[in-house]
Amino acid sequence: ALGTADMANPANNQISLNDKADIAAVRAAYDAWVAGTNAPEGYTANQYKIDAAKTGYVANETALTAAETYVKELEAFVTEIKNKIAALNETTPDATEVATINGMIDTFKTVNCGSDEGYITAEEYAKLEACEFVIAQNGAIDQIRAAFEAIKAQVNADVNLTDTEKAEIIADLTTSFNLTCE
């Protein structure tokens with residue numbers, strides 16, 4: 001996965017995926033200028049176009065190419081995030097993978113001028129939240145299970161209880177535990 005260090009925004013953090021259409025329009029205008037297809041009435045394309053030797057005089061073509069590359073990187077990053085969300089199993093989510101995806105979304109927001117609006121859908125966020133809920137629920141069940149095991153150990157270690165009393169207490173605890181964790 002890309003990180004903020006991997007994705008240097010070529011325009012001092014002023015380019016986002018929202019600029020894709022504008023960047024494409026600038027590229028089309030530049031290409032038309034190079035080809036001469038934007039010649040005004042009364043001129044031929046050959047009269048108006050710039051030749052390859054003169055394209056070097058256009059200082060911003062490098063910036064345009066960098067912006068186009070950056071937009072492609074952002075699109076690839078969003079696709080990677082979306083693919084990872086799609087691959088999540090909501091029944092048995094991997095906590096590490098969910099955390100990785102959340103980190104990737106934070107990174108995307110950072111490198112996309114602070115926004116993910118329109119790129120990560122409400123449904124994708126809902127799936128992530130459902131996975132986070134299952135992970136939290138499983139964590140709570142694990143804590144209850146650990147407490148249950150600790151209480152069982154204390155009951156079994158109590159020398160003042162008979163084996164029958166210990167068995168009854170543990171049976172009652174087991175019933176309560178199973179009801180809690182269903």
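Where is Ser16 found relative to α1? Ser16 sits in the segment before α1, where helices (H or I, at least four residues) and strands (E, at least two) are DSSP runs, numbered from the N terminus. The model is a predicted one, so to speak of local features takes a pLDDT of at least 70 and side-chain atom pairs count only at pLDDT 80 or more, while totals for chains, interfaces and linings use all residues. Residues are numbered from 1 along each chain as its sequence is written, and side-chain values use heavy atoms, with hydrogens and water left out.

On to the overall picture. The protein chain comes to seven helices and zero strands, and reads α-α-α-α-α-α-α along the sequence. Of its 182 residues, 25% count as buried, buried being under 20% relative accessible area, exposed over 50% and partly exposed in between (1.4 Å probe, protein chains only). Among the contacts (heavy atoms within 4.5 Å) with a separation of 6 or more, 68% are between residues 24 or more positions apart.

As for confidence, pLDDT is the predictor's own score for each residue, from 0 to 100. The chain has a mean pLDDT of 84, and 86% of its residues reach 70 or more.

Leaving aside neighbours within four places in sequence, Ser16 is in contact with Val71, Leu74, Asn112 and Cys113. Val71 and Leu74 are themselves among the buried residues of α4.

Helix α4 (residues 61–87) has 27 residues and reaches 39 Å from its first C-alpha to its last, close to the 39 Å expected at 1.5 Å a residue; that expected span is 1.5 Å times one less than the number of residues. Its buried residues include Leu64, Ala67, Tyr70, Phe77, Ile81 and Ile85, along with Glu68. The cover over them includes α1 (20–35), α5 (95–111) and α6 (122–157).

The axes of α1 and α4 come within 10 Å and cross at roughly 145°, with axes being lines fitted to C-alpha atoms, for helices over the stretch in contact, and angles running from 0 to 180 degrees between N-to-C directions. On the α1 side the contact is made by Lys20, Ile23, Val26, Arg27 and Tyr30, and on the α4 side by Glu61, Leu64, Thr65, Ala67, Glu68, Val71 and Glu75. These contact residues divide into six nonpolar, one polar and five charged (Ala, Val, Leu, Ile, Met, Phe, Trp, Tyr, Cys and Pro count as nonpolar, Asp, Glu, Lys and Arg as charged, and the others, Gly among them, as polar).

Helix α5 has 17 residues and reaches 24 Å, close to the expected 24 Å. Val98, Ile101, Met104, Ile105, Thr107, Phe108 and Val111 are buried in α5, and the buried residues of this helix pack against α4 and α6.

Finally, Phe177 lies in helix α7 (residues 163–180). Phe177 is buried, with a relative accessible area of 12%, and touches Ile144, Arg145 and Phe148, not counting residues up to four places away in sequence.
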